[in-house]
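Student: I have a structure open and would like to go through it with you. Can we take it piece by piece?

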There are 2 protein chains.
Amino acid sequence: MIDIASRVYNHTWKIDPIVRSVLDTDFYKLLMAQTIYRRHFHTRVTFGIINRTRSVRLADFVDESELREQLDHVRTLKLTRGESTWLRGNMFYGKRQMFSPDFIAWLESFRFPPYHLEKRDGQFELTFEGPWIETTMWEVPALAIINELRSRAVLRDMGRFELQVLYARAMTRVWEKVERLRALEGVNVADFGTRRRHGFLWQDWCVQAMIEGLGDSFLGTSNCLIALRREVEATGTNAHELPMVYAALADTDEELAQAPYRVLLDWQQDYEGNLRVMLPDTFGTTGFLAAAPDWADKWTGIRIDSKEPIAGGEEAIAWWRARGQDPTEKLAIFSDALDVDDIVRTYRHFHGRMKLGFGWGTLLTNDFRGFVAGGALDPISIVCKVVSADGRPTVKLSDNPTKAMGPAEEIARYKRVFHVSAQTEREVLV
Amino acid sequence: MIDIASRVYNHTWKIDPIVRSVLDTDFYKLLMAQTIYRRHFHTRVTFGIINRTRSVRLADFVDESELREQLDHVRTLKLTRGESTWLRGNMFYGKRQMFSPDFIAWLESFRFPPYHLEKRDGQFELTFEGPWIETTMWEVPALAIINELRSRAVLRDMGRFELQVLYARAMTRVWEKVERLRALEGVNVADFGTRRRHGFLWQDWCVQAMIEGLGDSFLGTSNCLIALRREVEATGTNAHELPMVYAALADTDEELAQAPYRVLLDWQQDYEGNLRVMLPDTFGTTGFLAAAPDWADKWTGIRIDSKEPIAGGEEAIAWWRARGQDPTEKLAIFSDALDVDDIVRTYRHFHGRMKLGFGWGTLLTNDFRGFVAGGALDPISIVCKVVSADGRPTVKLSDNPTKAMGPAEEIARYKRVFHVSAQTEREVLV
C-alpha cells in the first residue's frame, strides 16, 4: 500500500537536498569551532574550494543553478532540538559535556553565511568570506555537495537496473574490504569519508556495513549526523586550518615558528585524552617534532596525514623514544588517502609497536573506480582550504610538496622558518 | 512515514508464502493442462519430487512443518479475477484467445489437490496422486517451494548487511551475464527459471534486469505471474510429461513407438506457430527424428534439452536438410542447464544457420554459486516428474543416460522400441 500522504508531501520538495542538517559535517569541525568560538571569535578568514583534479571540469557538467540551490538550502538549516540534545547529552571519547553551554547556544543560533560562486575555466570558484567561526562550517557541506552533484550528473542517464547493479558492485567492493579488515585482529577503523563521499545515503550505508562487519573494530564515524542516527561514536580531532590561521596571524618569524605549538596549547586547554592527537605535518613533520616543547610528547598521539605511512609512523616512534616515551602507549592515526591495502600494510608493520587507528575516508565512501566508462565516478582530489586570515595569506606545506599551497614567497619563508629541507613527492590520489 | 495499516495487516500473515498465485507457474503448464483437459481429463497420474543431488540432504535442514505450511497455502489459492482476465484477454505468441472459455472456467474452479509428504534418508518424499489435470499443476510450485525453503534455511543466520551484499553479488553476476548476452546481435533469450529459482522476488528481479538490459533480445518469461505483472511475453511450449504419459498408456510396443507422435498430433490441433516446437528427446532424439512422420518436419522448431547443444543443433539441421526443409526458417530452442558460456558458444556456432532461442533457467534465477561457504546456495538438480499413469510406470530416457528414469525392465523395453543405442553421458548440473 502506498503511503499517499508521504508521497504528496514529497511533491512539495523543490530539490532533493544533499545536506539536510547542520550536523551532517565532520565532528572535528565542531571541536575546532568551539576552540575558535572561545579564542578567535572575531578573526575573519576566507575559505576556498580547490579541485586539484583539474582534468575533471566540474563546471562543465554540474549545473551552476543546481549548485546554488543546494548551497542555498544549507543556508536555511539550523540545529534541531534533537541534535542539540544529542550534543549536550552524548558522551564523546568517554567524556560528557564536551561542548560548553555557551558554545551550543551559539551553534543553535548559527546559520550558514553567504557564499561567493563563479565559474572559471571549467571549475567552480566557490569561496566563503567572513568570521572564521562561521565560514569554517562551510568546508564539509560544500565539499559533500559538490561531490554528490557530480555523482548525480553522472548517474542521471543510467537505467534503473544499471543503477542497482552499480550500487551492487559498490556494496560488494566495500564488503570485501570490510572482510579484509575484519581479518586484522584488534584493528581500529573509523569512517572519515564525509567530505568526498559519493552521497549521503551511500556514506550511511558504508557506516552500517562497518557496524555489522567490523564489530568492535569499528571506532565510529566522523559524521555527526550519522553518529547520532546509528548510535555510534563521533570521531575526529583537528585539522590544518588551526595552525594555518595561527601562523598567518603571526607578526614575526619568531611568532610564526611558535604558532603550531600555540595551537596545541590552546587545544589541550579545551580537550583531553584521545582528542589530544596532534597533526604535525602542516609545515613539515620533521621540523615540528624537533622543535616541539617538552609537554608535546605527553600528548596521546599523532595523526599521520601526508607522509608515507610507514615512514611517518617510524618517525613518530623514534621521536617518542628519543623523548623517553613508550610508543606502545601512544596512538598513531593514519588518515591520508587510505585504502585497505594501505591499512593492512601499515597495520602489519606497526601492530604491537604502538596503538593504531585508521581514518578511512574517500576510498571508503566514494570508491566507484572503474564502474562507469571513462572513470566518470572515480573520486577527485577536491579540498576546501582556508586561504587567508585577517587579510593575510595562509600557507600549508605538509610533508608532500604536491599538497603545498600559498603564495610562493610565503612558502619560501615558511620553509625557512620551519627548517623544511627536501621533501618526497607523493601522488595525490584524493 | 510508516504506513501503519500495511504494517499491521502484515502481522496477520501466519507465514511468508512462497507461491501466492495459481499463475506463479510456467506457461507451458497451462498449455499442457489445456491439452490434458481436452483429451485426458480422466487419466490419473502420480508426480514425485526427485532430488538428484543426493548429497544435499534437504530434510535435514528444511523444516517439514514449514514445507507443509507452504504446500497447504498453495492449496488455498485460486485464480483471481484479474488473472483470469489476463488469460482471456492477453495475446500469447501473437494469438488471442489461446485458451478456450471452458478451460479457463475449469482453471477458475481449480484448487490444488492433496499431497503426500514423508521424510526418508534425509530427503523429502513428496508425491501428488490423482487426476493428471490436477496433479500436473503441482510440479512448478512444489519445486519452487522446496528450492526457496532451502534458500531461506541457509540465509536465516546471515546478518542484514551480509545479506545485502549477498544479493549485491548476485545482482552483479546476473548483470554481467546480461551484458555479455547484450553483445550478441539479435540473440533471443527467455527466462525459464521458475522451478529452481532462488526465490520469487529474485526471479522477478532477474526478469526486470533482462527487460532493461536486453531490450528486444529478451523474449519473455515462462512465469505467468511475472509475465502478467511486468507486461512481457509468457513463453514456453511443452514438456516430457506428455510423451511419458502417452507412452505409459500405450498397450503394445507398436502403440508405444507411435506415442511421441500422438503427442505431436494432439498438440498441433491445439496450437500453432511458435508453439509447435517439438521436444524430441524423451526417448532419444535420434530415433525420434528418424521415425518421425512427414508432417513433423513442417513444425516450427525443435527444443534441444538433453543433448550437448552443438551436437543437438547439428542433428536438427541435418534432419531438416534431409527432409527438404530450410534450417534458416526453423527455430531451435536450447534449454538444458544453460549458462552464458553455453549460450554464447551455441549462438556463435549456429548464428545465421537457424533461428535460435535460449531458455535460460536455473543458472539465471539461482546462480549463487560460491557466495556462501560450502556451496550451501549452489543450485541442486531437483525435478518433479510423472512416475506413473493409470497405474503403469512411466519412463524417460532422454539423450543423457544420467537423466534416464523408470523401472529397469521398462527402460530396456523403451530402448528397444525406440532404437536407442549408446548414448553420451553428460554431468547433470541442474
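Student: Where does Arg197(B) lie?
Tutor: Arg197(B) is in the loop between strand S6 (189-191) and H10 of chain B. Helices (H or I, at least four residues) and strands (E, at least two) are DSSP runs, numbered from the N terminus. This is a predicted model, in which local features need pLDDT of at least 70, side-chain atom pairs count only at pLDDT 80 or more, and totals for chains, interfaces and linings use all residues. Residues are numbered from 1 along each chain as its sequence is written, chains are lettered from A and ligands numbered from 1 in the order in which they are written, and side-chain values use heavy atoms, with hydrogens and water left out.

Student: Is Arg197(B) buried or exposed?
Tutor: Arg197(B) counts as buried because its relative accessibility is 0%. Buried means under 20% relative accessible area, exposed over 50%, and partly exposed in between (1.4 Å probe, protein chains only).

Student: What does the side chain of Arg197(B) make a polar contact with?
Tutor: With the side chain of Asp24(B), at 2.8 Å. A polar contact is a pair of N or O atoms within 3.5 Å; within protein, one must be able to donate a hydrogen and the other to accept it, and residues adjacent in sequence count only if both atoms are side-chain atoms. Not counting residues up to four places away in sequence, Arg197(B) also touches others, including Glu148(B), Gln203(B) and Asn366(B). Contact means heavy atoms within 4.5 Å.

Student: Changing topic: how many residues are in contact between chain B and chain A?
Tutor: 21 residues of chain B are in contact with 21 residues of chain A. The two chains bury about 2,000 Å² between them, 60% of it on carbon and sulfur atoms. Buried area is the accessible area (1.4 Å probe) that two parts lose on being put together, summed over both.

Student: How many salt bridges are there between chain B and chain A?
Tutor: The count is 4. A salt bridge is a side-chain nitrogen of Lys or Arg within 4 Å of a carboxyl oxygen of Asp or Glu. One between the chains joins the side chains of Arg169(A) and Glu176(B), at 3.3 Å from N to O.

Student: Which elements of chain B give two or more residues to the side that touches chain A?
Tutor: Helix H9 (160-182) and helix H10 (200-214) of chain B. The largest share of that side, 12 residues, comes from H9(B).

Student: And within chain B, which residue forms a salt bridge with Lys177(B)?
Tutor: Asp339(B) does, with the closest N and O atoms 3.0 Å apart. Lys177(B) is in helix H9 of chain B and Asp339(B) in the loop between S10 and H16 of chain B, 162 residues apart. Lys177(B) and Asp339(B) are both buried.

Student: What about H16(B), which residues there are buried?
Tutor: In helix H16 (residues 340-350) of chain B, the buried residues include Val340(B), Ile343(B), Tyr347(B) and Phe350(B). The buried residues of H16(B) pack against H9, helix H15 (309-322), strand S10 (331-334) and strand S11 (355-360) of chain B. Just after H16(B), Gly352(B) has a positive phi of about 90 degrees.

Student: Back to chain A. Which residues are linked with Glu139(A) in a network of salt bridges?
Tutor: Asp26(A), Lys29(A), Arg195(A) and Glu241(A). The side chains of Glu139(A) and Arg195(A) meet at 2.7 Å, N to O. Glu139(A) counts as buried because its relative accessibility is 5%, and Arg195(A) is buried too, with a relative accessible area of 14%.
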